[in-house]
Structures are given as structure tokens and as C-alpha cells.
Amino acid sequence: MSALAERLRGILAEPQPNPLASPADARGWLELAYERAYGEDHDGAVRAAESGLALLGGGGPTTAAPAAGEPAAEVAGSEVPAGAAADADTALSLWGVVASVRHLSGEEDAAAEAARRRVLLLRALGRAHQADLEEHLGPLLFREPRPEEAAILEAALATHAASGAPEEVLADVRLPLAVCRYEAGEESALEDLESCAAAYRDGGRSESQAGALLYLAHGYAKAGQPQDALRKADELLALPVNRAMQAAVWMVKAASHSALDHPLEAEGCAVRALELYSGAGVRRGAVSAAALVANLASQSLDQESAVAAWRIAVEQAERGEFGETWAVLLALGNQLLEAEEFLLAEEVLEGLASSLELAGQEADQARTLMSLGHCLRHQERENEALAAWDRAAGLFEREGLPGDAARALLSAGTLLTREEGSTDALPYFERAATLARRGAEADPAALPQALHALGHALCESGDADGLVHLDEAIRLADDHGAEWHSADFRDTRARSLWALGHGPEAVAAALEAADLFREAEDDDGSANAELFAAHVLAETGRGGEAVPMYRLIAEEHRTSVAHYYAAQLGLSAVLDGLGLPAQAREARQLADQALLDAEEDDPGSPGAGPADPEAGGGAAPDDGGAAGDTGSGPARHPGDDTGS
């Protein structure tokens, strides 16, 4: 078990936060109020804040405004807490939490009352400028500003700057203005946020400084400046902030390290965020952090950790009773599929499909059935896989998703093409093409995939009409600038021409595909296409042309054992046919030596294995098939780029 997997198992085993927790002091209640607010437990956040205020002697319910004409000094919450100045700051923060959360709950009168009580406390503390500003703007300072409110903020800034308000007070207006500008796409707003953070720092307002730094860290990360994002995140973590805010900034650090291609650092930051969110009971944050950990672990091929992370995500989503829990369960099923835990994946996916059916979520049920089909196919239960995909296609079509229905049929058709010479796949591909054409406007990617599969299947069955479909698929890929698919579809056209007996045209098409694969930075695809061209030359009596091509492939792809081996082996066969046994023997020896060298370099490897000249091009990019499906190996049928 990896260190990451052990750490994740520890998180799974940890007791959940106590919902009846009762902190000993007001600061503890403030921390709890923040955590419950982050966790979207609005009532719990208000109760925690009011409990903290009660300890300080300035509490009381915040749902009702004072009676008309009641003297401000007599309103609960206006008195200065009896303890040190830190208690006063805690009381101000508690009232701020109440104001913010009441607004989020749609209780605008209660939010305004909390903001008013905070103003009274500020006046009692002698902070007249800040009290004037907050009285002027009211609850506006305790929520995200709307773009149309920027003019109000600008006017308030001018008014209070003219009255001599200090910089840390003016930052309370500058910060929401900067956020408005940044959300509108003005990256220069980050400079204003920097000045706000500095003003709060100089004014000794660490909580406000932390808020500005969190905006900055997110902003720099979003702007593609990960180093700056990390710098701001570290500044924030040096401040005394609550666990939920720490978790949020660890997530920014994880994303920034990922952008810098630092996978281990990204993984560590994401796990730390998960630990903090889980400990604080912030369910939605924990789900996001667990999903990030799972994706990072999967990228590093640590399947055990990836599965454990998704299990944490499922647990957190179920405890939070989120409507999106089904999607997290589907991700777990797909991760188990990728980890080749097929029986466990089947259990998760079957249960999810059944519950989605009961809930009437047909499109989501169909997506689950797609993954279940892949799971069954990997267990060689082909009839059950076909039934799952047939059912998925019907549900997608009923839900008005013809492109997704086409992909389900492509998966089924591709499975049927595994049996050489079978034409059972053709009805699936034909139906897929019809559906994909129907939904081409909303889902343009499905049509070229369907035409590609249909065209190749027709040509393999001896029907030259398949070339028409392949040509349309190529044109669509070219029109959409899909470089890799343009190469791949031409590679399939070359193999289809060869299946129809058109050798010279097949060679020309294969070499064109090889050039396009190279432009798409797919060296494997390029080598496979060149090997196929050389193979056709050899098979059509043009051995003299095949020899230099095989030699060129061996030279250009020397670092790829599979391609070098295939080129030398093909060269040996051609030289034998040309009556050059000594040269043929030398080529065979070079091929065998390449395999021996590969095994010495990696003793645990079963050997590179020959590259099949009849195989398709390179590895298909992810076209939205089931997560975790690794395809069927190098001899890839055109339908495989659907994830089947």
C-alpha cells in the first residue's frame, strides 16, 4: 500500500465532526460558525455565532429589529465586550458572520439587523470611520457585490476618502470594487487586491487580510500565474485562519502545483485540503478535494489511492445529501473499472443504475449503463454488455440526446467487430450515423466518429460505399481543425483501400496519414502508418520500394522498440523475397537484439512485442467514453475511439 493510500484510509477511519460541539470560548464559536458557513449549514452557523456573542455578553437573537425609537445605546450588542480588545474583534467577526449568512439564507431584514448591531459596536469601540462606512453601505459589505452596484461603491469610496478614513477602512470598499472588475475580466484588478491586502496587513486586520489573499490566490491561479498564486497562498497560511479557509487555499496550491507539473506536490496539497475539509465537516469542499486527489492518483497510476479517494468523496456526498451524489458514485465505479476491479465496479454501477431508474433520471441512468457495459465487456460477458449499451442508447434517444445514443451504438458495434468477418456491427453503425446526423448541430463530435466506424466496417465487408462515409468523416475533421482525427481517419481510409484491393492508393493514403500524425505530435501513429505503407508495398511486389522505407522507419523510430523491431522484421522478410539472405539475416538479428536489450533494461517487462503493420494509428484522445476504459490494444478498430 502506498503512503497516500494509507493516509486516505486514515481519513476514512476518522470520526466525523460532532454536530453538538460546544466550544469553551467565543473564539471557538467563531471558528465553528465559519466552518458551518463554509459547509452551507446556515442555521448552524448563525446558532454558533449567537452562542459566541452570548458568551461575550453581546448576543441575542438576530431575527427581529429593535422597537421604533429605542435608543441605540440600549440595543443588545452595542456594548463593548468585557474582555480584552481581542474579544471586541471576535464580537465584530461574529456579527459579520451573522450578517453574511442571513443574507445567503434570503433573510434580508435579519442581515440588516446584524449589520446594524455591528455598527453600534464599532461606535462603542471608537472606530467612527469604519462605523460610518458600514452604516452607509449596510449589508452590501457582507455579500458579493453585483456589477450594477459598482457605482454605489465608487461613490462611497470617494465620500469616505474625503472624510479622512484610513486605508484599511477604505479597503473594505476597494476590495469589492476590485472583485467586480476582476469578475468582468480586468486582470489589472489584481493590483487593487494587492493594495487591499497590504492595507489590511498594515491596519492589523488579519481576517480581512486573509480574505483578500484568498481572492488573490484564486485570481493568480485563474490568470495562469501559478507561482504568484502559491506565494499568496503561503502568505495566507501564515495567518491565524479557520480550517475551512486553510482548506480552500490548499486547493489553490494543489491546482497551482498541477499547472507547474509538480504532481507530488499537487497530490500532497490536495490531501491536506481533504483532511481539513473533512475535519471541519465541509462536505462539498471535501468532495471536491477528494475528487482532485483521485484524479491526481489516477494520473500517477496509483489505482488503490484513487479508489480510496473516490470512496471518501462518496461518503462525504452521502452525508451531505447532495443531489450530485450519483455522479460521485459513477466516478467511483469508473475508477474501479480503470483499476480492473470489475466485480466491485459492477456492484457499484448496477446499484447506481437501479437507483437512477427509480428516481426517473434516465439520462444519468444511461451514462451509468455505458460504464456498466464496459465493465461487462471486460469480463467477456458480451451479450450483457450489448444489452446495457442497447438500453443506454434507447434512454439517450428518449431524453433527446441523439449524439450520446450514437456513441452507445458505436460501443456495441465495435464489440461485434471483434469477431473477424462478422457483419453484425453494420446495423449498429448505420443507426449510430443516422442518430449522430440528427444531433449534429448540438453535438458535432459524434457524426465523424459514427461515419468513421460505418465507413471502415462497410469497406471491411467489401462494400466500397464505405469510402464515401470515410471521406465525409475526413472532411468534418478537417473543417473542425481536429488534427489527430484527420490523421486517424486517413489512416483508416488507407487500410480500407487495402481491404478493397487498391494497393497504390492505400500506400499514398497511409503516407499522408503518417505526415499528419507527425504534425499532431503522435510519433506512434506516424510509425504505424509508415509500417502499413511499407507492408502494402511488400505485399504488392514492390519490395524494392519497401526496403528503403523499412530502413527509414527503423532509423527514425530507433527509440521505440516495437516499431524498430517491426521495421527490421519486415525488412528481413522483404530481403528474403529479393534473394538477399545475408542482409535478411542481419535484419532479423537486429530485431532480436532490440528485444533482448529491452528485456535487459526492464527485466520485469514481457518484451516490447512487435508492432502490427495492420494495426491502426496512435492512441486515441479521450472522446468521452467511459472513464477508466483502456481500449483493446494496438490493433484498434475505428469504433474504439468511442471508449469501447
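Author: Two residues are taken to be in contact when heavy atoms of theirs lie within 4.5 Å. Helices are DSSP runs of H or I with at least four residues, strands are runs of E with at least two, and both are numbered from the N terminus. The model is a predicted one, in which local features require pLDDT of at least 70 and side-chain atom pairs count only at pLDDT 80 or more, whereas totals for chains, interfaces and linings use all residues. Residues are numbered from 1 along each chain as its sequence is written, and side-chain values use heavy atoms, with hydrogens and water left out.

Two packed helices are described by the angle between their axes and the distance between the axes.

On the side of helix 23, the residues involved are Leu467, Leu470, Asp471, Ala473, Ile474, Ala477 and Asp478. They meet His485, Ser486, Phe489, Arg490, Thr492, Arg493, Ser496 and Leu497 of helix 24. By class, this contact comprises seven nonpolar, four polar and four charged residues, where Ala, Val, Leu, Ile, Met, Phe, Trp, Tyr, Cys and Pro count as nonpolar, Asp, Glu, Lys and Arg as charged, and the others, Gly among them, as polar.

Rings of Phe, Tyr and Trp (its six-membered ring) pair if their centres lie within 6.5 Å, and planes under 30 degrees apart count as stacked, over 60 as edge-to-face and the rest as tilted. The count by this rule is one aromatic pair. Its members are Trp484 and Phe517, whose ring centres are 6.0 Å apart and whose planes stand at 65°, so the pair is edge-to-face. Because Trp484 lies in helix 24 and Phe517 in helix 25 (residues 503–519), the pair ties together parts 33 residues apart in sequence. Both Trp484 and Phe517 are buried, where buried means under 20% relative accessible area, exposed over 50% and partly exposed in between (1.4 Å probe, protein chains only).

As to the setting, the protein chain has 29 helices and zero strands. Of its 644 residues, 50% count as buried. Among contacts between residues at least 6 apart in sequence, 59% join residues at least 24 apart.

Glu149, in the loop between helix 6 (128–137) and helix 7 (150–162), counts as buried at 7% relative accessibility. Apart from neighbours within four places in sequence, Glu149 contacts Leu140 and Arg143. Glu321, in the loop between helix 15 (303–320) and helix 16 (325–338), is exposed, with a relative accessible area of 72%. Most residues other than glycine have a negative phi.
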